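Visitor: I'd like a close look at one part of this model, and then a sense of how the rest is arranged around it. Could you take me through it?

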Amino acid sequence: MMFKAFSGCKDNATAEALLSMAEGKILQALYPFDQSQMDIPPRYDGKVIELATILFNKMGAEGETQHIEGDVSRTYTDEETLLSSIIPFCAVISSEEDDDE
């Protein structure tokens, strides 16, 4: 599994849960008005892994954007930054009146 190799996550259940969460967030960004969509286009596979890695790295530090303890300072990547790079899918909605013309 590419995510486990990329992130260092060792637990299968955790990896599957994080990938599922990432997929859900990306589907919501791609199709904000269509909850029936369940497939992520292949071009976003890398984004799923990146987002799952962000979620993995923040485990235990949810809600933090930065953490400083002694001489150690950590700044976390914001998942919203990654999600903002996803272009939502749009479609034209026509009414039956438009079809009659």
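Visitor: Where is Arg43 found?

Guide: Happy to walk you through it. Arg43 is found in the loop between α2 and α3. Before we go on, note that this is a predicted model, in which local features need pLDDT of at least 70 and side-chain atom pairs count only at pLDDT 80 or more, while totals for chains, interfaces and linings use all residues. Residues are numbered from 1 along each chain as its sequence is written, and side-chain values use heavy atoms, with hydrogens and water left out.

Arg43 has a relative accessible area of 65%, so it counts as exposed; the cut-offs are under 20% for buried, over 50% for exposed and partly exposed in between, with a 1.4 Å probe and protein chains only. From Arg43 to Ser84 there are 41 residues in sequence, and their C-alpha atoms are 15 Å apart.

Helices (H or I, at least four residues) and strands (E, at least two) are DSSP runs, numbered from the N terminus. α2 has 19 residues, which at 1.5 Å a residue should span 27 Å, and its end C-alpha atoms agree with this at 26 Å apart. The expected span is 1.5 Å times one less than the number of residues. α3, with 13 residues, reaches 19 Å from first C-alpha to last, close to the expected 18 Å.

In α3 they are Val48, Ile49, Leu51, Ala52, Thr53, Ile54 and Leu55, with α1, α2 and α4 as their packing partners.

That brings us to the nonpolar core, meaning a set of buried Ala, Val, Leu, Ile, Met, Phe, Trp, Tyr and Cys residues joined through side-chain atoms within 4.5 Å. The largest one holds 21 residues, and those touching the most other members are Phe3, Ile26, Leu30, Ile40, Leu51, Leu83 and Ile86. Two or more residues come from each of α2 (12-30), α3 (45-57) and α4 (79-83), and α2 gives the most, with 8.

Over in helix α1 sits Ser7, which counts as buried because its relative accessibility is 14%. Its side chain reaches the backbone nitrogen of Cys9 at 3.1 Å. Setting aside neighbours within four places in sequence, Ser7 is in contact with Thr53 and Phe56.

Stepping back, the chain has 5 helices and 2 strands, in the order α-α-α-β-β-α-α from the N terminus. Its radius of gyration is 18 Å, well over the 13 Å that the globule rule gives for 101 residues, so the chain is more spread out than a compact globule; the radius is taken over C-alpha atoms, and the rule is 2.2 Å times the number of residues to the power 0.38. The C-alpha trace spans about 70 × 30 × 20 Å along its principal axes. Buried residues make up 29% of the 101 residues. Of the contacts with a separation of 6 or more, 54% come from residues 24 or more positions apart.

Terms used. A polar contact is a pair of N or O atoms within 3.5 Å; within protein, one must be able to donate a hydrogen and the other to accept it, and residues adjacent in sequence count only if both atoms are side-chain atoms. Contact means heavy atoms within 4.5 Å.
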